[in-house]
Amino acid sequence: MADTPRVLVWGENRHEHRDQRVAKLYPHGMHTTIKEGIEENLGDRFTVGTTTLDEPEHGLTDEVLASTDVLVWWGHMAHEEVSDEVVERVQRHVLAGLGLVVLHSGHWSRIFRTLMGTSCTLRWRNERDRELVWTVDPTHPIAQGVPQPIEIEAQEMYGEFFDIPVPDELVFVSNFSGGEVFRSGCTFRRGHGRIFYFSPGDQDYPVYHHKDVRKVIANGVAWAVTDRPERKAPTLERHAVGDFSV
């Protein structure tokens with residue numbers, strides 16, 4: 001890990017160019033708004049950049065990933081355009097210690113499904129539901145400085161059953177005006193990597209301008225940094241008797 005952790009916000013960047021409503025909400029792209037929220041909360045303790053789907057190799061070369069401590073992922077309409085090679089590459093880096101923060105419809109991204117090993121399907125409805133995000137683990141670092149509950153006036157509904165493995169830690173649950181509930185803030189560990197999934201953030205609503213949502217994402221980024229001397233995936237190794245090196 002670098003002295004100043006490096007964060008890369010990956011955005012699909014398609015809705016912003018195809019839908020005038022989304023372009024009005026996020027004139028510089030959702031990835032830029034997410035980046036600004038992280039910077040607003042973490043200041044100069046972290047370095048934050050962006051990249052998008054249409055960059056060469058989706059902006060995720062081996063060199064880029066090797067120099068990144070936390071990758072933040074937002075995608076929705078073009079999950080299947082992410083190449084097999086890049087999915088495998090990101091997975092390899094996560095297992096070796098890259099932090100990953102997956103947002104909203106990133107639950108359906110190829111990288112999240114690969115790391116979870118399940119369908120990651122859920123119930124949904126996009127009819128301007130009110131969402132209340134409740135903290136269920138107030139001692140968790142990701143919940144620090146977050147009000148109880150976070151109120152989001154209008155949002156896409158995500159509801160159970162959410163087909164993911166049992167989270168290592170459940171930090172937030174949400175309920176919606178239609179009566180549904182959802183595990184909206186979950187952590188996982190895969191290999192040496194830390195993963196945080198946070199659901200609020202549909203492209204049709206100004207959710208990434210919401211100060212409390214921005215706070216949670218920044219907390220998730222800070223939590224996902226792994227303090228390891230080198231990025232190396234767990235390996236199968238034969239050791240001599242008495243050799244307990246890691």
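A salt bridge is a side-chain nitrogen of Lys or Arg within 4 Å of a carboxyl oxygen of Asp or Glu. Side chains of opposite charge can pair when their charged atoms come close. The structure is a predicted model, in which local features need pLDDT of at least 70 and side-chain atom pairs count only at pLDDT 80 or more, while totals for chains, interfaces and linings use all residues. Residues are numbered from 1 along each chain as its sequence is written, and side-chain values use heavy atoms, with hydrogens and water left out.

A search of the whole structure finds 19 salt bridges. The table lists some of them.

| Pair | N to O distance |
|---|---|
| Arg21 and Asp204 | 3.7 Å |
| Glu80 and Arg113 | 2.8 Å |
| Arg125 and Asp129 | 2.9 Å |

Arg21 and Asp204 form a salt bridge through their side chains. Because Arg21 lies in helix α2 (residues 20-25) and Asp204 in the loop between β9 (193-198) and α7 (211-224), the pair ties together parts that are 183 residues apart in sequence. Helices (H or I, at least four residues) and strands (E, at least two) are DSSP runs, numbered from the N terminus.

Accessibility is described in three classes: buried means under 20% relative accessible area, exposed over 50%, and partly exposed in between (1.4 Å probe, protein chains only). Arg21 is exposed at 56%, whereas Asp204 is partly exposed at 23%. Glu80, the partner of Arg113, is exposed at 57%. Asp129, which pairs with Arg125, is buried at 5%.

Salt bridges also link Arg14, Asp54 and Glu81 in a network.
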